[in-house]
Amino acid sequence: MIFAAGFGTRMRHLTADQPKPMIPVAGRPLIDRALDMAREVAPTVIVANSHYKGDILARHLADSEVVISPEQPQILDTGGGLRQALPLLGAPDGPVYTVNPDVVWRRPNPLRLLRAAWDPERMDALLACIPIARTIGRSGGGDFHTDGDGRLQRGGDLVYGGVQLLRTNRLAEIEETVFSLNTLWDLMAQEDRLFALEYPGHWCDVGTPEGIPLAEELIAQDEI
């Protein structure tokens, strides 16, 4: 599941005429870079949600295998968007990958690492996190820290990188229509089933115009 519905307000003028996932970085739209990463793990289906300027995204993806989950009349946030897309994903309980396209990773592919580390006996969600010292373009502090067994707790110097592997069965417990995946994570954390995978490479936030040249520099290093 690729989250592509947001308004991209932090991108300012760059999203006046296009959705944020269509912004080019090193000559390619962010959505295409996210798709490259997803295709490497050969998921049975790839779904992208859409809302803001969704017609532009739909035209771009028209000849691809991607299934669009349009959110109308209102945008549903990450949790609500994932729940709406479950019939398209064909995974009532998961696990499913979710991907934020507005970041750039310097190898290895974090989805491959998540798949290798996934332990369904212990985990309901496994989030790829980066120590803040290895992030680029990050504004603000970290999101989480871990205990000795890798379980996530709020606060600390680990930054959620925007990709995860998670079960979806508990989405049905949430009453709100519009809600963040933070709500689901809190339910999982209460039962000690929210875990982190510490990403070994570098990661760049491309949520603002200032992040674009930083991401392009990181991509250039990866291509050397």
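Which residues have the most contacts inside the largest nonpolar core? In this predicted model, local features need pLDDT of at least 70 and side-chain atom pairs count only at pLDDT 80 or more, while totals for chains, interfaces and linings use all residues. Residues are numbered from 1 along each chain as its sequence is written, and side-chain values use heavy atoms, with hydrogens and water left out.

A nonpolar core is a set of buried Ala, Val, Leu, Ile, Met, Phe, Trp, Tyr and Cys residues joined through side-chain atoms within 4.5 Å, where buried means under 20% relative accessible area (1.4 Å probe, protein chains only). The largest such core has 32 residues, and those with the most contacts inside it are Ile2, Ile31, Trp105, Leu111, Leu114 and Val163. Helix H1 gives the most to this core, with 5 residues; helices (H or I, at least four residues) are DSSP runs, numbered from the N terminus.

Trp105, leaving aside its neighbours within four places in sequence, is in contact (heavy atoms within 4.5 Å) with residues including Met37, Pro110, Val163 and Trp203.

The cysteines can be considered next. A disulfide is a covalent bond between the sulfur atoms of two cysteines, counted here as a pair of cysteine sulfur atoms within 2.5 Å, and a search of the whole structure finds 0 of them. Cys129 counts as buried, at 0% relative accessibility, and Cys204 counts as buried at 0% relative accessibility.

Definitions and conventions
Buried means under 20% relative accessible area, exposed over 50%, partly exposed in between (1.4 Å probe, protein chains only). Helices (H or I, at least four residues) and strands (E, at least two) are DSSP runs, numbered from the N terminus.
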